[in-house]
Amino acid sequence: MAHCILRIALDTPLNAVFDYRWACEPGQEPLVGQLALVPFARREVVGLIVAVAQESEVAEDKLKDALAVRSQLAPLSAQWLALAGFAADYYQRPLGEVALPGLPKNLRVLTTVALDRAIKKLGKLDAPHDPAPAGMPVLNPAQQTAADCIGGATGFQPALLYGVTGSGKTEVYLQACAQVLARDPAAQILILVPEINLTPQLEGNIRARFPGLMLATLHSSLSEGERMLHWLAAHEGRARIVLGTRLSILASLPRLQLIVIDEEHDPSYKQQEGLRYSARDLAVWRAWQLRIPIVLGSATPSLESWHHAQSGRYRLLELRERAVQQAVLPTVKLIDLERDKPRDGLSANLLAALRQRMARGEQSLLFLNRRGYAPVICCESCGWVSECKRCTAHMVLHRPEHRLRCHHCSLELRIPRHCPDCGNVDLQPVGRGTQRIEEALQQMFPEARILRIDADSTRRKGSAREAFDTVHRGEVDILIGTQMVAKGHDFKKLTLVGILNPDAALFSQDYRASERLFAQLMQVAGRAGRAAQKEGGSASEVLIQTRYARHPLYGAVVAHDFDHFASALLAERAQAGLPPYLFQALLRAEAAELAVALDFLRAARDCTAHEGITVNEPIPMSMTRVHNVERAQLLVESASRPALQAFLKEWTAALRALKTRVKWSLEVDPLDI
């Protein structure tokens, strides 16, 4: 029996592919892109075949035999392998650490039972292939122009769809998809959303519009069996539309013809663990690779995308008016807390507006991006505060559960009966979270139907969808929520939005904080007044409680003036030498002692020459300790992306050669510094 050599990428930190021997007749070699089961160290793992050769540089007596090839699964395409290769090269990670985690877990287990079951189940499913859309509404002129530009585009044509909240961006996406499918019924379309809780509403819209097509969804809340089935439907080309969160950018889509990125500004598109990739940036590269159009949509585009649109790199499509006739942007007003002193965190003006909406049978939303009851409890006698023992953070009071909880390491403790330092029994909550606002509202409005939506109230699978359905049915008078409710949801009866305690972000050391705060305020404000105003009904309003009513950021929000605000921020970034006019990478180090982490970063700073590259001094991270691990960081900058990439390639090799017990990671294009 003849043999060939399979070069296989494995999910390992080693930056190499591994040679294995495979017995086969000439002409019957496995295909590049297939999966194979191989021995590695003392275990068996699944790897990806990236090349097939006849000879190996590894000595014959050291070569191991591959155990099995998953021939029942069609190989991953050359385009998909190129995508994984680009991501590995750009983000400075081994190919196997990119390609393998991008596949469903059931493809990477030792047996093929789950794969065989999914193939059999998919084969029994009726695969509808009628691309005819149903219930196509008439678009306004701006929407129609945008839909035609996207749907009629050929080749790589990136477009930024800038539309105010409620301007009908989703309808533009759907009608552009209809045009692509009408031109090529076998085409596949990928639609990305930033968060899982945004998928049900959009999924319902897609199914209603394209009842004759198979839709696949990909996100982390699916069971492994569901994810396997949906991934397989996309891989085989049976699913014509794939809807998912950031992980779906690595889905296998052999007939991909259009990519849509909704809420493209959202930081959730950036993975913050493991391979720290940006799904938005990879989507743009994938569209360039396949020479297909891509649209990035947002009411508050990221400054990077806005810069590309202003410079002509992206085509700018604008929707300046709301899609529903007689639905206008809400009036934004500032409540100066220096004058209107709040009661239980709520000002008199806001309480009066809530009463007015309840009397009219309309819905209100109170937005507070802080879950829990209170950010901290303290002793007024000695100054003790509830600090986490394992993190440089306070423990948050969760009063209904009678717990103090760290939101970083998940440590939970009982609420102390007295101060641990001085014995004082009068411990007080400081500040307000969503639970405390909910309690205050229940006392002030005992007749109101109040619902809180945050990460604590929606832990159970499906609970977030149930909660949003309750709001959509009109069974809620006052909704209290965090950023989960800030974007993407279309609440027809909502006419009032109250924004509580946004001021903290004004003083953040993160240079992106003002951009994020503005986007957050504009997005949550956009939940109000999306339906046509009824005669006699109250005009939609957004009330922002602040102690800094004269801050220019709030002035831009009041005027709904994204253009001027973005231009001013870009001018500041250009003057300060910050992205998008500069390119960055961040080296993080973790150790049991902070001094050890800083020593490693100093060694890293000096281990490679760096002409044209700015390597800053290593410093502790703002949250220095998490789960008893000390953390520090080193920022690297360059005015040239190619120069930075060339440096990072050499630097990463040098870092891997350093003998250290420090755990380190490199992030390209960091969002949080």
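The model is predicted, so local features need pLDDT of at least 70 and side-chain atom pairs count only at pLDDT 80 or more, while totals for chains, interfaces and linings use all residues. Residues are numbered from 1 along each chain as its sequence is written, and side-chain values use heavy atoms, without hydrogens and water.

Let's begin with the sheet. Strands of a sheet pair through backbone hydrogen bonds, either parallel or antiparallel. Here three strands form an open sheet in the order S17-S18-S19, with antiparallel pairing. Strands are DSSP runs of E with at least two residues, and helices are runs of H or I with at least four, numbered from the N terminus; two strands pair if DSSP finds at least two bridges between them. S17 (396-398) and S19 (412-414) each have a single partner strand, so one side of each lacks a neighbour in the sheet. Three bridges join S17 to S18 (residues 403-405), and Leu-397 stands opposite Leu-404 in S18.

Next comes the largest nonpolar core, with 119 residues. Such a core is a set of buried Ala, Val, Leu, Ile, Met, Phe, Trp, Tyr and Cys residues joined through side-chain atoms within 4.5 Å. Its largest share, seven residues, comes from helix H1 (residues 78-90).

Finally, look for Arg-512 in the loop between strand S23 (494-499) and helix H13 (513-525). Arg-512 counts as buried because its relative accessibility is 7%; buried means under 20% relative accessible area, exposed over 50%, and partly exposed in between (1.4 Å probe, protein chains only).
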